[in-house]
Amino acid sequence: MKLIYVADDDIYIREALRAFLENAGYTVEAFESGDLLLEAFAQKSSDLVVLDVMMPGSNGFTVCKELRRVSKVPIFMLTARDSDLDYQTGLDLGADDFFTKPVSPMTFVMRVKALFRRIAYERGEDV
């Protein structure tokens, strides 16, 4: 079962993503900050990381940069700001996809599934 880490300071978004992802068959660990996610990742890596851009402490961009120094884990970024500069910054730092809030949970889950199918295909695994 795929493990997904979600970091967002908004409990409603964290719990909504957790519910939809778990309903789709994934295991989810949710964190209220990027710092807590980094601590958990240092102990046990995940198959996907979902980061809110604007969080107290280490923001999503900082966490993305730190994760890219040690891992190739896929990273999805979330933001309430609809700015091309945010998109560019996230993608330049190594994020794999970028979503503007409010995000449709069903669309989000479909993109997660598509990502995992692509990774399996690239590895030559059965899809």
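Helices here are DSSP runs of H or I with at least four residues, strands are runs of E with at least two, and both are numbered from the N terminus. Keep in mind that this is a predicted model, where local features need pLDDT of at least 70, side-chain atom pairs count only at pLDDT 80 or more, and totals for chains, interfaces and linings use all residues. Residues are numbered from 1 along each chain as its sequence is written, and side-chain values use heavy atoms, leaving out hydrogens and water.

Let's start with helix α3. Within this helix, Arg-69 and Glu-66 are three residues apart, so about one helical turn separates them. The two form a salt bridge, with their closest N and O atoms 3.4 Å apart. The term salt bridge means that a side-chain nitrogen of Lys or Arg lies within 4 Å of a carboxyl oxygen of Asp or Glu. By this rule the structure has nine salt bridges.

Glu-66 also takes part in a meeting of helices. Together with Val-63 and Leu-67 in α3, Glu-66 belongs to a group that meets Gly-34, Leu-37, Leu-38 and Phe-41 in α2; contact means heavy atoms within 4.5 Å. Two packed helices are described by the angle between their axes and the distance between the axes. For α2 (residues 34-43) and α3 (residues 60-70), the axes come within 9 Å and cross at roughly 15°. Axes are lines fitted to C-alpha atoms, for helices over the stretch in contact, and angles run from 0 to 180 degrees between N-to-C directions. The helices α2 and α3 are therefore roughly parallel to each other (angles under 35 degrees count as roughly parallel, over 145 as roughly antiparallel, 65 to 115 as roughly perpendicular and the rest as oblique).

Now turn to another pair. The axes of α1 (residues 11-23) and α5 come within 10 Å and cross at roughly 55°. That makes α1 oblique to α5. Here Leu-17, Phe-20 and Leu-21 in α1 meet residues of α5, including Met-106 and Val-109.

Lys-101 and Pro-102, however, are joined by a cis peptide bond, with omega about 0°. Pro-102 is found in the loop between β5 (97-100) and α5.
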